Amino acid sequence: MKLRIVIVAIALAIAAGGGWISRGWFADAQRLTEERAARLVVDAAMAREADIAGVVEDRLAELDANERIIDRGIIREIQQPIYRNVCLGDNAVRLLNDAAAGRAPDTTEPQAQMPADTAAAE
């Protein structure tokens with residue numbers, strides 16, 4: 001009788017220990033699944049943000065290239081004599097010369113009188 005009680009107690013202890021260990025394994029598996037899912041979400045977000053950053057960087061590089069091309073075009077216009085002597089008026093030449101020299105336009109000088117025919121057009 002004592003032997004049966006001891007065997008039953010040992011069996012219960014083994015069952016309780018096995019249950020406790022398997023419950024720990026189950027909880028660990030759940031935590032691992034949650035961590036893997038969170039890692040996948042973070043990796044997807046980082047990849048999406050990297051794609052967006054690449055697009056923005058490419059666009060900014062294009063804008064920077066456009067800015068350089070526009071600056072070169074203005075310098076060419078100033079250097080060609082036909083623009084200085086024939087196509088542009090005195091004020092336009094002055095503005096282009098100021099831009100080429102990197103100066104702000106001088107707004108303190110009085111502007112030329114408007115032609116008489118523009119008042120009638122209004």
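Which residue, with a positive phi, follows α3? The residue is G102, and its phi lies near 80°. The structure is a predicted model, in which local features need pLDDT of at least 70 and side-chain atom pairs count only at pLDDT 80 or more, whereas totals for chains, interfaces and linings use all residues. Residues are numbered from 1 along each chain as its sequence is written, and side-chain values use heavy atoms, with hydrogens and water left out.

The chain contains four helices and zero strands, and its elements run α-α-α-α from the N terminus. Helices (H or I, at least four residues) and strands (E, at least two) are DSSP runs, numbered from the N terminus. Confidence is expressed as pLDDT, the predictor's confidence in each residue, from 0 to 100. The average pLDDT of the chain is 78, and 65% of the residues score at least 70. Helix α1 has the highest confidence, at a mean of 84, and helix α4 (residues 116-121) the lowest, at 54.

Of the 122 residues in the chain, 4% are buried. A residue is termed buried under 20% relative accessible area, exposed over 50%, and partly exposed in between (1.4 Å probe, protein chains only). The accessible surface of the chain amounts to about 10800 Å², and carbon and sulfur atoms account for 63% of this surface. Accessible areas come from the Shrake-Rupley method with a 1.4 Å probe; for residues, only the protein chains shown count as cover.

Three salt bridges were found in a search of the whole structure. A salt bridge is a side-chain nitrogen of Lys or Arg within 4 Å of a carboxyl oxygen of Asp or Glu. One of them joins the side chains of D28 and R31, at 3.0 Å from N to O. These two residues are three residues apart in helix α1 (residues 2-79), so about one helical turn separates D28 from R31. D28 is partly exposed at 41% relative accessibility, and R31 is partly exposed at 47%. A salt bridge also links R39 and D43, with an N to O distance of 3.9 Å. R39 and D43 lie four residues apart in helix α1, and are therefore separated by about one helical turn. The relative accessible area of D43 is 39%, which means that D43 is partly exposed.

The side chains of R103 and D98 form a salt bridge at 2.8 Å, N to O. D98 is buried, because its relative accessible area is 8%. The buried residues of α3 are D98, V93 and L96. Helix α3 (residues 90-101) has 12 residues. The expected span of a helix is 1.5 Å times one less than its number of residues.

A nonpolar patch on the surface is formed by I52, V56, L60 and L63, whose accessible area together is about 360 Å². Patches are made of residues with over 30% relative accessible area and no salt bridge; like charges are joined within 9 Å, and nonpolar side chains (Val, Leu, Ile, Met, Phe, Trp, Tyr) within 5 Å. V56 is located in helix α1 and is partly exposed, at 44% relative accessibility.
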